[in-house]
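Please keep the sequence and the model open while reading.

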Amino acid sequence: LRKSARQSARVVAATMNGQRVEVLANVSTRRDVAVAEETGADGIGLYRLEQYYLSRNTPPSTAELLSELNAMFSGFGSKPLTVRLLDLGADKPVSYLNFPVEDDPFLGCRGVRLLLRFPELLDAQLKALLQFGLSREVHVLVPMVTLASEMEEIRKKMCSIAEQEGIRRLPKLGAMIETPAAALGVEEIIKHADFLSIGTNDLTQYTMAAGRENPLVNDYFIEDHPAVLRLIRMVVAEAGDTPVSICGELAGHLNAIPTLVHLGVRTLSVAPPLIPDVKQAIRTISSA
Ligand code: PEP
Ligand code: MG
């Protein structure tokens with residue numbers, strides 16, 4: 001990046017009428033974090049744990065997870081970090097877990113559904129994140145929520161582990177909104193969530209009934225289809241004071257950004273190389 005571009009990338013972006021919009025980074029690897037630092041991310045909006053789990057032959061212990069988190073973000077200053085609980089399913093099996101075999105993994109036991117079936121997997125993550133949260137501003141994001149009760153269960157788990165460990169400072173807990181049921185059920189979900197993050201990749205797949213990795217139905221996978229935008233608008237409206245971010249690919253589509261900001265979205269989380277252009281796009285939005 002040129003020096004001037006680098007400097008303006010480091011400042012939080014605002015529209016021409018002064019509305020600030022945070023631009024965070026989606027990361028999976030240390031390299032991603034380094035690029036996010038370089039391109040001026042205002043924080044990490046989505047750390048996907050899947051690559052770390054898929055690269056191993058055994059499930060990580062709490063201590064291993066904690067040291068991975070520390071190594072991952074030690075060079076990232078004190079900016080806020082959102083870590084998503086593991087989002088695996090039968091489409092991404094790991095050798096060390098006895099996954100249920102499924103014909104239709106995307107409609108099956110993935111994300112929070114899987115975590116609730118493998119309590120030891122969930123507990124190790126929550127324990128590590130509670131400890132990590134003692135030294136950093138950490139937010140914990142729950143993947144593939146469909147029922148408010150899933151958030152309630154995760155919150156209960158987090159609170160009971162915190163009590164056992166004598167930890168009084170709890171990370172904020174957020175729900176991924178990436179199923180139509182979650183988008184339509186925000187009113188119930190926010191009773192158990194401190195923030196929401198809309199995953200437009202899965203939300204598009206489930207709304208348009210078009211698999212995100214299926215080239216045959218690529219023409220139906222329309223991330224800015226009015227049906228998807230209406231759900232986003234509904235989520236922002238129903239969320240009230242609960243903060244809402246967007247962390248799917250749509251957040252990095254420069255021509256969609258004015259619409260998202262007009263719908264009331266104030267936080268976008270995108271692939272690190274896109275951050276300067278996303279901030280620039282925000283700065284050219286002219287009216288409320
Ligand atoms: C999404 O579904 O939009 C999302 C951000 O999660 P992932 O791409 O990891 O499924
Ligand atoms: Mg998703």
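Aspartate 202 is buried, because 22 other C-beta atoms lie within 10 Å. (Buried means 20 or more other C-beta atoms within 10 Å of the residue's own, exposed means 12 or fewer, and partly exposed is in between; C-beta atoms are placed from the backbone.) The model is predicted: local features need pLDDT of at least 70, side-chain atom pairs count only at pLDDT 80 or more, and totals for chains, interfaces and linings use all residues. Residues are numbered from 1 along each chain as its sequence is written, while chains are lettered from A and ligands numbered from 1 in the order in which they are written.

Aspartate 202 sits in helix α10. Helices (H or I, at least four residues) and strands (E, at least two) are DSSP runs, numbered from the N terminus. Leaving aside neighbours within four places in sequence, aspartate 202 is in contact with Glu178 and Thr179; contact means C-beta atoms, placed from the backbone, within 7 Å.

Asparagine 201 also belongs to helix α10, residues 200–208. Asparagine 201 counts as partly exposed, because it has 16 C-beta neighbours inside 10 Å. With neighbours within four places in sequence left out, its contacts are Arg212, Gly248 and Glu249.

## The ligand shell

Which residues surround ligand 1? They are Arg48, Asp87, Glu178, Gly199, Thr200, Asn201, Asp202, Cys247 and Gly248. Each has its C-beta atom, placed from the backbone, within 6 Å of the ligand. By class, the shell has one nonpolar, four polar and four charged residues. Here Ala, Val, Leu, Ile, Met, Phe, Trp, Tyr, Cys and Pro are nonpolar, Asp, Glu, Lys and Arg are charged, and the others, Gly among them, are polar.

UniProt, in an unreviewed entry, places the feature "binding site" at Arg48, Arg84, Asn201, Asp202 and Arg212. Its positions are given in the numbering used here, feature names are shortened, and annotations may be inferred rather than shown by experiment.

## Strand β6 and its partners

Strand β6 spans residues 172–177, and five of its six residues are buried. Strand β5 (residues 138–142) runs parallel to β6, joined by four bridges; strands pair if DSSP finds at least two bridges between them. Leucine 141 has glycine 174 in β6 as its bridge partner.

On to β7 (residues 195–198): four bridges join it to β6, again in parallel. Alanine 175 stands opposite leucine 196 in β7.

Note on methods:
Two residues are in contact if their C-beta atoms, placed from the backbone, lie within 7 Å.
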